[in-house]
Amino acid sequence: MRTKIKFSSVVGFLVLVILVVPLLIVIITSFGEESAISFPIKGFTFDWYANVFQQPDFVEGLKMSSIVAIVASFLALVVGTPMVYVLTRFDIHHKDWFQTIFLSPALIPEIVIGFALYQALVISLQLPLFISLLVGHFLLCLPYVVRLITAGMMEFDESIEEAAWMVGYNKLSAFFKVVIPNIKQSVVAAFILSFITSFNNIPISLFLNGPDLNMLPTSILNYLENNYDPTVSAVSVILMIITASIMIIAEKYLGLNKLT
Amino acid sequence: MKRSTVLLLYPGLLLILVLLILPILQMFLPTFTGDQFFLEKYFNFFRSSGNMQVIARTLIIAVVTTLITLSLGLPTAYWISRLGDRWKKVVSIIVLFPILTNAVVRNFAWITILGKNGVINNFLMQVHIIDKPMTLLYTNFSIVVGSVYLFLPIMITSLVSSFGQLNFEVEEAASVIGARPMIVFFKVILPQLSVGMLTGSILVFVGSLTAYTTPQLLGGNKNMVLATLLQQQSITLGDWTSASVVAVVLTVIAVLVMTIMNYGTKLLDRRNAK
């Protein structure tokens, strides 16, 4: 008994170290004075952080990635929540079939979605890149919304809604005044997870960005192809700070276990 | 009343049809044409040994990544599930943080570690174990390292949730009647975890099968996988039909693997429920 516990704690502890150390190295290298990334670092400077904000691709990318993530998550919630509500609340024929279709964007490799949308929306339909990009990220977010809202609806006590009907709410106002407040936590969790997923996405944005439409992760990828300096470490640290802030917000309002 | 609520399903259905299914079909259909035979493009694709190498590399990396994350994830998840509440929370934050951090950041970290002037080579040269830097980066090895780093937290998370449902009393009972720890682990614990292991493996296998960022950053130009081949054929070479063939092959493999493994999970679920 004891040997096994020892074995698993040794492996577990080592795994945690492996998970943390690479990110720590990135944080440390962002302060090095040398123009090529080196570890251990020589000197100490904040210059690379200043340099991040002098890269128009990074600044514009941060803005664009945030906008796209917010709008796409919002659209996925607006489209997804009523769908899930109907699917979980009423007896629908071919329920599994609908569920599969609503989750289907998660079945197809992201890079294939980006590629197919580029051909269909940008080339064939001549839609603006921004709209096509939003479509791609909306599809990316939808399965997360479907999964999390379904879980929320399962926990929601139907009789509360029926009570609201009885005291004279019509179905629409009962949905907004009774159902939504009761599944609020799942809605917020779905929004946060969709936001992170969209904000971090590369394969879909890869095909749907252009000279005037930079997303932050693809901009970093492009920058890395030609440069290898601590600016990348600095922008990585900024991304880690964003992740940490989102986790703190999520922990405060939901509890982190809602996100997994 | 009921009929009108069902109508709420149709806008979403229509959106997915127009924005996802039709574009995918538009990409699929032209690949099934040829001068002599409708599968001609696929014959040509599979006849090239370079392409077969790419497929083999993609599959092998996905299999190896899944096996490594599984064997590191199992003891880790076991350890986490037996921690006290306070430590459990700290550890789950450490596991969750990388999942939510951008893949570029996580792969870039390994460039700084595995590169010619990276942490490992610098260290080994300073202590005089080697006198020339080793080639660690831009190899199949570095893709696997990056993929394991990327997917290990996801594997741990799905295993921890299935450890949460584990019946520890059976384990104690087994050791009370004298079963050795290793036997308890393989005969008592593992079977209860099979569903969690499969769920985690699906996520990791399909994730690394279709991953673009890791092979792009850590694999270099020589070590192509299907996702980077798709990007090269389309964006770099502008050969949209060949790229579509790659996209179809990648999609079919991914969907096939997911369907088979999901079916396996369902079978196991049913067996465990009995």
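Chain B has 13 helices and 0 strands, where helices are DSSP runs of H or I with at least four residues, strands are runs of E with at least two, and numbering starts at the N terminus. This is a predicted model, in which local features need pLDDT of at least 70 and side-chain atom pairs count only at pLDDT 80 or more, while totals for chains, interfaces and linings use all residues. Residues are numbered from 1 along each chain as its sequence is written, and chains are lettered from A and ligands numbered from 1 in the order in which they are written.

**Chain B overall**
- The C-alpha trace of chain B spans about 75 × 70 × 35 Å along its principal axes.
- Of the 274 residues in chain B, 40% are buried, meaning that 20 or more other C-beta atoms, placed from the backbone, lie within 10 Å of a residue's own.
- Among contacts in chain B with a separation of 6 or more, 73% join residues 24 or more positions apart; a contact here has C-beta atoms, placed from the backbone, within 7 Å.

**UniProt features**
- An unreviewed UniProt entry lists transmembrane regions of chain B, including residues 90–113 and 141–163; such annotations may be inferred rather than shown by experiment.
- Residues 90–113 of chain B are 92% helix, with end C-alpha atoms 26 Å apart.
- Residues 141–163 of chain B are 100% helix, and their end C-alpha atoms are 31 Å apart.
- In chain A, UniProt (unreviewed entry) places "domain: ABC transmembrane type-1" at residues 62–250, a span that is 81% helix and 0% strand.

**Where the chains meet**
- In chain A, 65 residues are in contact with 67 residues of chain B.
- Helix 1 (residues 2–29) of chain A gives the most to chain A's side, with 16 residues.
- That side of chain A has 50 nonpolar, 13 polar and 2 charged residues, with Ala, Val, Leu, Ile, Met, Phe, Trp, Tyr, Cys and Pro counted as nonpolar, Asp, Glu, Lys and Arg as charged, and the others, Gly among them, as polar.

**Backbone details to check**
- Most residues other than glycine have a negative phi, and most peptide bonds are trans.
- A:His94 has phi near 55° and lies in the loop between helix 3 (56–89) and helix 4 (95–103) of chain A.
- A:His94 is exposed, with 9 other C-beta atoms within 10 Å; exposed means 12 or fewer.
- B:His128 has phi near 60°, and B:His128 is exposed, with 7 other C-beta atoms within 10 Å.
- The peptide bond from A:Phe39 to A:Pro40 is cis, with omega near 0°.

Key. Contact = placed C-beta atoms within 7 Å.
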